[in-house]
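Visitor: Before we look at any detail, could you take me through this model one question at a time, giving the criteria behind each term as it comes up?

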Protein chains: 2
Amino acid sequence: MSDRARTISTDASSLAERIRNDMQSFTPSEKRAAHVLLSHYPFAGLDTVAEFAARAGISAPSVLRFVTRLGFGGFPDFQKHLREELEAQLLSPLAKAHPPARGHGAPALASFADAVAANLRATVENIAPAEFDSVVTLLSEQRRHLHFTGGRFTGALARYAESHFRIVRSHVDFIDGQPAHWRDRMIEIGRKDVIVAYDIRRYQEDVIALCETAAKQGATVVLLTDPWLSPIARVASHVLPAHVTAPSNWDSSAGLLLLTEALIAAVTKRLWNSAKPRMEAVERLRGKL
Amino acid sequence: MSDRARTISTDASSLAERIRNDMQSFTPSEKRAAHVLLSHYPFAGLDTVAEFAARAGISAPSVLRFVTRLGFGGFPDFQKHLREELEAQLLSPLAKAHPPARGHGAPALASFADAVAANLRATVENIAPAEFDSVVTLLSEQRRHLHFTGGRFTGALARYAESHFRIVRSHVDFIDGQPAHWRDRMIEIGRKDVIVAYDIRRYQEDVIALCETAAKQGATVVLLTDPWLSPIARVASHVLPAHVTAPSNWDSSAGLLLLTEALIAAVTKRLWNSAKPRMEAVERLRGKL
DNA sequence: CAAAACCTGTATCAAAAATTCCAGAATAAG
DNA sequence: CTTATTCTGGAATTTTTGATACAGGTTTTG
């Protein structure tokens with residue numbers, strides 16, 4: 001590596017900022033140190049060298065080299081700087097409101113995140129608490145069978161939900177959206193079944209057909225969709241809409257994921273007595289393999 | 001002095017509060033220590049014993065007795081407590097902004113959303129712009145082959161990414177984490193390949209093995225993980241950590257989804273000339289089926 | 001493909017820090 | 001005023017922590 005690349009930028013107000021700027025010039029272990037520090041900034045640096053090294057999965061000398069590279073005379077110097085920075089920041093509450101003024105670097109990521117955060121907020125505000133609760137209750141009924149399904153993109157979310165619920169309770173499965181895969185399964189679907197379907201715009205014919213068929217046979221349908229509502233809403237007994245627009249050519253599923261994770265958390269909590277031993281059993285099995 | 005006066009109150013949330021309560025029971029030198037600590041709380045306590053003693057104009061042993069009296073096992077214990085208190089206070093700007101003013105209706109969903117939003121923000125702030133950009137560049141190189149993979153839960157995210165990238169560009173696929181599924185595929189993996197791996201705590205052996213094997217054969221590994229970094233980070237050339245803690249028995253993947261969608265958006269934009277016709281073609285095919 | 005440069009961890013050492021001991025000073029009680 | 005108790009700081013001790021030298025291993029370069 002050339003001397004030029006070794007140079008450390010000095011025109012940054014915060015140490016964190018400087019580290020982010022120089023990230024590409026770091027060696028692998030230095031990068032790990034940097035990541036750990038930034039992920040818990042600045043507290044990760046206030047422990048001892050050994051602790052820091054352990055967290056980053058590198059050796060103590062590598063940590064020392066890292067702080068030396070940052071321009072400090074030694075680890076105590078480095079810690080002193082962190083403390084002073086922290087103190088200065090803490091004494092000005094305003095500084096916290098908009099901490100890192102967004103540089104030219106990655107406005108893409110930052111503005112995307114802002115849009116997604118706005119979506120989350122809008123999603124929460126537009127969900128009727130009662131509706132959410134009744135879905136939680138429904139998914140917590142152990143005698144019912146849960147079937148998750150979704151479209152081209154949202155299928156991944158359905159899988160995500162299924163992989164969690166499968167551990168929390170029994171009678172949980174995933175149904176692939178394509179008719180060829182579920183045609184024969186449908187004969188077993190009835191009143192005892194709950195279909196949790198994910199479908200956002202460019203609503204998918206096969207998923208719609210699946211839900212209509214299931215509903216006709218007496219199954220309960222829970223729909224997670226966008227604010228314009230998939231046609232599945234007609235046959236669904238519960239609808240949870242999420243905002244999906246983002247500065248992208250694609251819709252964002254973050255709102256749907258939020259609802260999904262909130263449902264998982266709520267149901268896990270409600271079924272804790274039976275979920276806990278199941279989770280522990282999974283944990284034990286994991287160790288054996 | 002009686003035993004009664006020596007008792008330390010325990011029903012105080014903050015250490016500072018407790019010290020104020022028990023101030024009258026302190027000896028003269030302890031009072032000096034307490035005053036110095038409170039006047040620069042908690043930073044006066046984060047220095048060394050000697051420094052603290054000098055500032056308070058007392059001796060080191062007096063400082064030690066002071067912290068022992070407060071109920072700590074030693075000075076390091078005391079400092080650790082201060083750091084943790086500070087961290088908790090600093091990391092919950094949301095908790096302070098929206099106190100506990102939430103109705104009984106849907107506190108679960110709302111507070112969950114707050115936590116997720118905080119995660120997203122923390123995630124963005126800790127990603128080095130340069131790192132993000134270089135991943136975008138990497139994923140935009142059409143001659144490379146992209147392989148997405150993930151663990152038990154994160155596999156769904158990998159699928160989500162794959163289903164989008166598959167449309168934007170060619171040479172994209174999903175690799176199931178289980179060794180049985182990828183063993184024979186590995187012979188074709190080499191310098192031209194990029195592995196995009198999702199792995200968060202309870203890091204999964206098979207995914208790690210996959211990445212190590214691929215890296216050994218010259219493939220480039222991009223890792224999306226939590227702030228504690230999967231062991232895959234060792235062989236990864238790019239690491240994007242996302243915050244995952246949530247008020248749940250499970251981790252939240254919202255940060256990972258955010259990064260994923262931001263990557264999809266950025267790559268789509270960069271490859272727009274070739275992506276647009278591909279997306280239109282998919283649209284036409286959809287209508288025919 | 002060989003050589004050089006570089007990165008990283010182990011083992012070791014030196015320094016600094018925390019802690020303990022004890023004697024003297026201050027204070028309170030008798 | 002004397003005595004007992006408590007408080008305090010200097011100095012010694014022990015533990016912890018940061019720093020360094022060196023060698024194995026990796027990557028880069030020619």
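Visitor: Which residue in β4(A) is the bridge partner of V194(A)?

Guide: This is a predicted model, in which local features need pLDDT of at least 70 and side-chain atom pairs count only at pLDDT 80 or more, while totals for chains, interfaces and linings use all residues, and side-chain values rest on heavy atoms, with hydrogens and water left out. Residues are numbered from 1 along each chain as its sequence is written, with chains lettered from A and ligands numbered from 1 in the order in which they are written. Strands β3 (193-199) and β4 (220-225) of chain A run parallel and are joined by six bridges, where two strands pair if DSSP finds at least two bridges between them, and strands (E, at least two residues) and helices (H or I, at least four) are DSSP runs numbered from the N terminus. In β4(A), the partner of V194(A) is T220(A).

Visitor: What angle does α12 of chain A make with β3(A)?

Guide: Helix α12 (205-216) of chain A packs on the sheet, touching β1 (145-150), β3 and β4 of chain A, with contact meaning heavy atoms within 4.5 Å. Axes are lines fitted to C-alpha atoms, for helices over the stretch in contact, and angles run from 0 to 180 degrees between N-to-C directions. On that basis, the direction of α12 relates to that of β3(A) by about 160 degrees.

Visitor: In what order do the five strands of the open sheet of chain A lie?

Guide: Strands of a sheet pair through backbone hydrogen bonds, either parallel or antiparallel. In chain A the pairing is parallel, and the order is β2-β1-β3-β4-β5.

Visitor: Why is one side of β2 and of β5 in chain A left without a neighbour in the sheet?

Guide: β2 (172-174) and β5 (238-241) of chain A stand at the edges of the sheet. One side of each is without a neighbour because each has a single partner strand.

Visitor: How much area is buried between chain B and chain A?

Guide: The contact takes 67 residues from chain B and 65 residues from chain A. Buried area is the accessible area (1.4 Å probe) that two parts lose on being put together, summed over both. Carbon and sulfur atoms give 68% of the total, which is about 6,400 Å².

Visitor: Which residue of chain A meets D47(B) in a salt bridge?

Guide: The rule, a side-chain nitrogen of Lys or Arg within 4 Å of a carboxyl oxygen of Asp or Glu, finds four salt bridges across the interface of chain B and chain A. In one of them, with 2.7 Å from N to O, the side chain of D47(B) meets that of R83(A).

Visitor: How many residue pairs are in polar contact across the interface of chain B and chain A?

Guide: A polar contact is a pair of N or O atoms within 3.5 Å; within protein, one must be able to donate a hydrogen and the other to accept it, and residues adjacent in sequence count only if both atoms are side-chain atoms. With both residues at pLDDT 80 or more, the number of pairs found is 17.

Visitor: What is omega for the cis peptide bond between Y41(A) and P42(A)?

Guide: P42(A) is found in the loop between α3 (28-39) and α4 (49-56) of chain A. The cis bond that joins Y41(A) to P42(A) has an omega of about -10 degrees.

Visitor: Where is H171(B) placed?

Guide: Most residues other than glycine have a negative phi, and most peptide bonds are trans. Phi of H171(B) is near 60 degrees, a positive value in a residue other than glycine. The place of H171(B) is the loop between α10 and β2 of chain B.
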